[in-house]
Amino acid sequence: AEAIYKVHQRGSNPNNSEHKISDELRILDERLCKVAEENPSWKARIRRLLDGCHSLARQVPNPKTTNIHRDFYHDQVIIEGHHLYITDFDVYCKGDPALDVGNFKAHLEEYALRKNNDVCSLSNVEEAFVQRFLELSGKSKKFSIEAYTMFALARHISISMQFPSRRHLTEALISLCERRLDLLLDQKK
């Protein structure tokens with residue numbers, strides 16, 4: 001949390017590109033529409049998820065953009081002794097810092113589901129990570145983090161279809177996203 005917060009505080013961004021929530025939704029639309037085309041039995045569920053994600057995005061407060069990693073998750077972190085390194089800055093850009101935190105959290109949940117068959121098995125790690133980030137950046141980002149976690153989890157539906165060893169998770173990811181989306185949308189009513 002402290003390392004990604006430091007990334008967000010960096011002043012320069014050599015490529016000057018920006019990633020907005022509309023870009024996030026476009027990627028999600030492209031990927032999940034492809035899943036629905038290849039799996040017609042999920043088409044209605046995927047459509048509801050996409051509609052819900054678009055509704056959720058409209059409720060995310062306008063962020064103060066910073067430099068973001070944009071693909072931040074546990075495999076991008078190397079720990080060597082007392083040093084921590086973040087790798088793979090190929091999509092580094094300006095954007096909402098909540099995206100990095102939500103993406104990291106979603107990857108932990110997917111990993112917990114894949115490795116432990118229990119999406120909550122790493123919840124203590126997720127909570128500590130998010131809490132520390134909120135301490136550094138401000139509690140006002142909590143809803144945005146949850147929204148970006150939702151978007152990244154939904155993207156994992158598509159990712160699960162790309163790997164034969166993960167396809168058994170697709171149904172569980174769809175169900176998880178449906179439940180998560182209902183809770184988030186109810187929270188904002």
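Modeller: Contact here means heavy atoms within 4.5 Å. This is a predicted model, in which local features need pLDDT of at least 70 and side-chain atom pairs count only at pLDDT 80 or more, while totals for chains, interfaces and linings use all residues. Residues are numbered from 1 along each chain as its sequence is written, and side-chain values use heavy atoms, with hydrogens and water left out.

I would begin with Ser-158, which sits in helix H6, residues 142-162 (helices, H or I of at least four residues, and strands, E of at least two, are DSSP runs numbered from the N terminus). With a relative accessible area of 7%, Ser-158 is buried (under 20%, with exposed over 50% and partly exposed in between, using a 1.4 Å probe and protein chains only). Leaving out residues up to four places away in sequence, Ser-158 touches Arg-31, Leu-32 and Val-35.

Leu-32 and Val-35 also belong to the H2 side of a helix pair, where they are listed with Ile-21, Leu-25, Leu-28, Asp-29, Cys-33 and Ala-36, and these residues meet Lys-43, Ile-46, Arg-47, Leu-50, Cys-53, His-54 and Ala-57 in H3. The residues of this contact between H2 and H3 divide into eleven nonpolar, one polar and three charged (Ala, Val, Leu, Ile, Met, Phe, Trp, Tyr, Cys and Pro are nonpolar, Asp, Glu, Lys and Arg charged, the others, Gly among them, polar). In geometry, the axes of H2, residues 21-38, and H3, residues 43-59, come within 10 Å and cross at roughly 175 degrees. H2 is therefore roughly antiparallel to H3 (over 145 degrees; axes are lines fitted to C-alpha atoms, for helices over the stretch in contact, with angles from 0 to 180 degrees between N-to-C directions).

Leu-185 and Gly-52 are 133 residues apart in sequence, yet their C-alpha atoms are 7.8 Å apart in space. Arg-180 is also placed in H7, which spans residues 170-187, and at 15% relative accessibility Arg-180 counts as buried. The side chain of Arg-180 makes a polar contact of 2.6 Å with the side chain of Glu-109 (a pair of N or O atoms within 3.5 Å; within protein, one must be able to donate a hydrogen and the other to accept it, and residues adjacent in sequence count only if both atoms are side-chain atoms). With residues up to four places away in sequence set aside, Arg-180 touches Thr-149, Met-150 and Leu-153 as well as Glu-109.

A further helix pair is H1, residues 2-9, with H5, residues 123-137, whose axes come within 9 Å and cross at roughly 35 degrees. Here Glu-2, Ile-4, Tyr-5 and His-8 in H1 meet Phe-129, Arg-132, Phe-133, Leu-136 and Ser-137 in H5, and the residues of this contact divide into five nonpolar, two polar and two charged.

Most residues other than glycine have a negative phi. Asn-117 is exposed, with a relative accessible area of 65%.

Technical notes: Angles under 35 degrees count as roughly parallel, over 145 as roughly antiparallel, 65 to 115 as roughly perpendicular and the rest as oblique.
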